[in-house]
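This report describes a model of two chains.

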Number of protein chains: 2
Amino acid sequence: MRWPEGFRSAGVHAGIKKDGALDLGMILCARPAVWAGTFTKNAAAAACVGWSRGRLGTPLRAVVVNSGNANACTGNPGREAVTRTAEAVAAAIGCKPEEIGIASTGPIGVPLDVSPVVAAIPQALAGLDDDVESFASSIMTTDTRIKVAEARAGGARVVGVAKGAAMLAPNMATMLAFLATDAGIAGAELQEVLDRSVARSFDRISVDACESTNDSVFCLASGLVDVSRDDLSGAVESVCTSLARAMVEDAEGASKVVAIRVLGATSEEGAVSLGRAAASSTLWRAAAHGSDPNWGRILAALGSVDRSIDLHGVDLAIAGVTVFRGGEPVEGALSGAAEGMAAGEFEVVCTVGAGPGTATILTSDLSPDYVKLNAEGST
Amino acid sequence: MRWPEGFRSAGVHAGIKKDGALDLGMILCARPAVWAGTFTKNAAAAACVGWSRGRLGTPLRAVVVNSGNANACTGNPGREAVTRTAEAVAAAIGCKPEEIGIASTGPIGVPLDVSPVVAAIPQALAGLDDDVESFASSIMTTDTRIKVAEARAGGARVVGVAKGAAMLAPNMATMLAFLATDAGIAGAELQEVLDRSVARSFDRISVDACESTNDSVFCLASGLVDVSRDDLSGAVESVCTSLARAMVEDAEGASKVVAIRVLGATSEEGAVSLGRAAASSTLWRAAAHGSDPNWGRILAALGSVDRSIDLHGVDLAIAGVTVFRGGEPVEGALSGAAEGMAAGEFEVVCTVGAGPGTATILTSDLSPDYVKLNAEGST
C-alpha cells in the first residue's frame, strides 16, 4: 500500500530487538503536516507520550517510532532518550526537534539505549519510499502480521498503519496507529474528526482489559486535496475501524473474534460500558475459547456493572441462537450456539431493555497460549 | 472440626452432581438463630439470593445449600424450586418456610430439578452431627479441598465453612461462607460485625475479577454464651480472613498466592481500588505465573485507575526486592525479584504516595490450567 501524497516512510533494524527484526520506523512529511493525536491517559504514560502530546498544535515534519522497548517508567534517562532522538532526527532533516513526533512500544521499564536509534537515522532516511510495508513491519511487537488500511475521502486518501496484540483495553486499547491523508483540514477540526473516530473504533475493542502506557494515535494531513469534512470523517473512521478489527483478529493467543453487541441500553455510553464488561470477563472469554455457550457468565458480567438490569427484559443470543429470553433459559438452544461459536468469528447480541443505546465491542477468546505467551520472561 | 453448641450439619448426595459427590448440605439450628447475611449485588442474582436476603430479620432454623447448580437466571421455575425446598425442609423439622435460609452454587442458567433435593431431605436430617466436614464437602464445586476455620471469642467459638475456586472478585468474591457461633448478640449488631469483617476479607480477594450471581455469607448465632462485641468482632473477622485466604490458595488453576499491598494512598478506599486493579490485571497475573517480575504491568494497572499518581513518589517491591523507585527502574533487581516470585507465595508492595491509605488484596497467578478448566464445556 502507498502513503498518500506528501508522505514517505521507512523501517530499519537499529538494534533494539535482539533477533535482527525491524525496530525503527520513520514517517517523513514533505512539508510540515497538520496533525491530531490521541494518547493514553495512564498515569504511568511513557516518556514519548508526554513528548508527543506536547507537540499538539505544532505541525510535524516526521514521526519516529521504535519497537522492542516502550521507554515507559524509565524516568529522566527515558525522557532524555526521547529528546535526543528528536534532536538527531531534526538535525538530519533540517527542522526543530519540536517538529518531530515520537512513539514507542515494547516491554515497560527497560532502560532504552538511544545510541543505536540515533545511529540508525541516516539509514532510515536513505530508505524512505512511499510504500507503507517496511514501516508497518518495524512497529510490530507480538503482532504476527502487519496492519494497514485505507479509505477514500472524496478526491483524497486516508491510509493507516497500526500495531496491537495485547494490553488492548478500552480507553484506546494498547496500540499504536499512524494515519496519513493528503486532505486539507485545520488541526482543530482534524482533532475532532480523530477523537470521534477513535471513540468508535479503538475505544471499542478489548483484548485483556489492560490499559497500556504507550497508546498513541497520530493522524497527519498534508493538505494537498480539498475535501468535505464529512467525507474525511467517514474515511478516518473507516480506517480506524479496520485497524481496530485487525488488532483483535491478531490478538495474542486469539483463535476467534467475538463481537459483543448491546442493544436497548438507556444510552450509548451505557451500552459501551455493558459491552466492555462482557468483553472483559475472563471466564466468558475462556468459555468462548472452548466454544462453550456459558451465557451465565455474560449475564453475570452485565449484572455486575448495571445493577438495575431486569432479567425479564433481557434477551441473549449467541451466534444467532437465542439462549435466554423472558428471564429464563431457552430450552435446547445450547448445541446450536456451541456450533456457531466454533467458527472463527461470532456475535453475542445482548438486548438489555427497550432503551435507544447500542454499541458493539470487539474482543477475542482467552486461550492457554495467551497465558503462556505472557508468562514467559519478557523482562 | 466441630460446630459451636446449638448447631449440627450434614452433607449428602441428592443427585445434582452426576459423579456421585456430596451435593446437598444442611445446617440445623437447635433453636431459632439470630443471623446476619451479605449477598451479591449482581442484577442477575440467583433465586436463592433473593429468598435468603428476604429472610434477614427473621431467626433461622436451618440453612440448606446445594452444589452443582447455581439456580441463577432460571426464572420462575428457579424461584419455585427455592420455595419448594424451603417448604419441604420446614415441614420436616416443624417450622415455617420463612425460617429456612437457602444457598446454591454451580453452573448458571441450568434449570434445577428440585425433586432429588426434596427427596434427600430425610437423609440429610438423619445424618446430622456436630462435625463440619460432610457439610463442608457438600458445598464444593471446583474446590480441591474443604475450607474451614475457627476462632475463639471470649468463652464462645466462631466456626466457618466456605467454598470458593473461581468467579472470585471484589464485592464479596464468588463464594459461599457459613459461620456459626454460640455467642449471644442482637441481629442488627451481628450484621454490623459481619459487614465489617466481609469488607476486610472476602471483599479483598480477587481471582478473576468476575462477580458472581450467588455470593452469600451467612453468620448464625445460637446465643448460649455472653461475649463482648469486640471479642466477637475479632473472631468473626479472623474466621472470614482465614476462609478468604483459603479460597485464593485453592483458586482454579492457581499455583501461588500473591498479596498486593498498597501503602501511601490518599484513603483506605483508594488503596483498595489500586490493589484491586493490580490484582485484576490479566497480564500481571500471567507474569506472576511465569515468575516474570514484569512490574511495568503493575504500574500500568495502577496508572489506569488513578490518573493522578506521580511516578516519582512510587516505590515498588516484589518479593522483598525494590524494582522501581524515584520514577526509575532499580538496576539489577530483576533476578532477585524473579527468584522470590518462584515461591508459593509472595508480596508486591506498592507505595503510591505519602497518604494514610493502606490495603492488601490477595490474588493468585493466572495459569493456562485456569483457562483450560474454564474453556471446557461445563454447560
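Which residue of β12(B) does B:D315 stand opposite? B:D315 stands opposite B:R325.

## Basis of the description

The model is predicted, and local features need pLDDT of at least 70, side-chain atom pairs count only at pLDDT 80 or more, and totals for chains, interfaces and linings use all residues. Residues are numbered from 1 along each chain as its sequence is written, while chains are lettered from A and ligands numbered from 1 in the order in which they are written.

## The sheet of chain B

Chain B has an open sheet of seven strands with mixed pairing, in the order β8-β15-β10-β14-β11-β12-β13. Helices (H or I, at least four residues) and strands (E, at least two) are DSSP runs numbered from the N terminus, and two strands pair if DSSP finds at least two bridges between them. The edges are held by β8 (205–206) and β13 of chain B, each with a single partner strand, so one side of each has no neighbour in the sheet.

Within this sheet, β11 (residues 315–318) and β12 (residues 321–325) of chain B pair in the antiparallel sense over four bridges.

## Helices on the sheet

Helix α7 (residues 268–279) of chain B lies across β8, β10 (257–265), β14 (345–351) and β15 (357–364) of chain B, at about 25 degrees to β15(B). Helix α10 (residues 334–341) of chain B lies across β11, β12 and β14 of chain B, at about 130 degrees to β12(B). Axes are lines fitted to C-alpha atoms, for helices over the stretch in contact, and angles run from 0 to 180 degrees between N-to-C directions.

## Helix α9

Nine of the 10 residues of α9(B) are buried, so the helix is largely enclosed by the rest of the structure. A residue is buried if 20 or more other C-beta atoms, placed from the backbone, lie within 10 Å of its own. Among the cover of these residues are α7, α8, β11, β12 and β14 of chain B.

## Contact between the copies

In total, 59 residues of chain B are in contact with 59 residues of chain A, contact meaning C-beta atoms, placed from the backbone, within 7 Å. On the side of chain B that touches chain A, α9(B) gives the most, with seven residues.

Chain B is superposed on chain A by a rotation of 180 degrees with 0.0 Å of shift along its axis (RMSD 0.0 Å), by least squares on the C-alpha atoms of residues with pLDDT of at least 70 in both. The two copies are thus related as by a two-fold rotation axis. Of the residues of chain B, B:P368 comes closest to the rotation axis, at 2.1 Å (C-alpha).

Technical notes. Contact = placed C-beta atoms within 7 Å. Buried ≥ 20, exposed ≤ 12 C-beta atoms within 10 Å, placed from the backbone.
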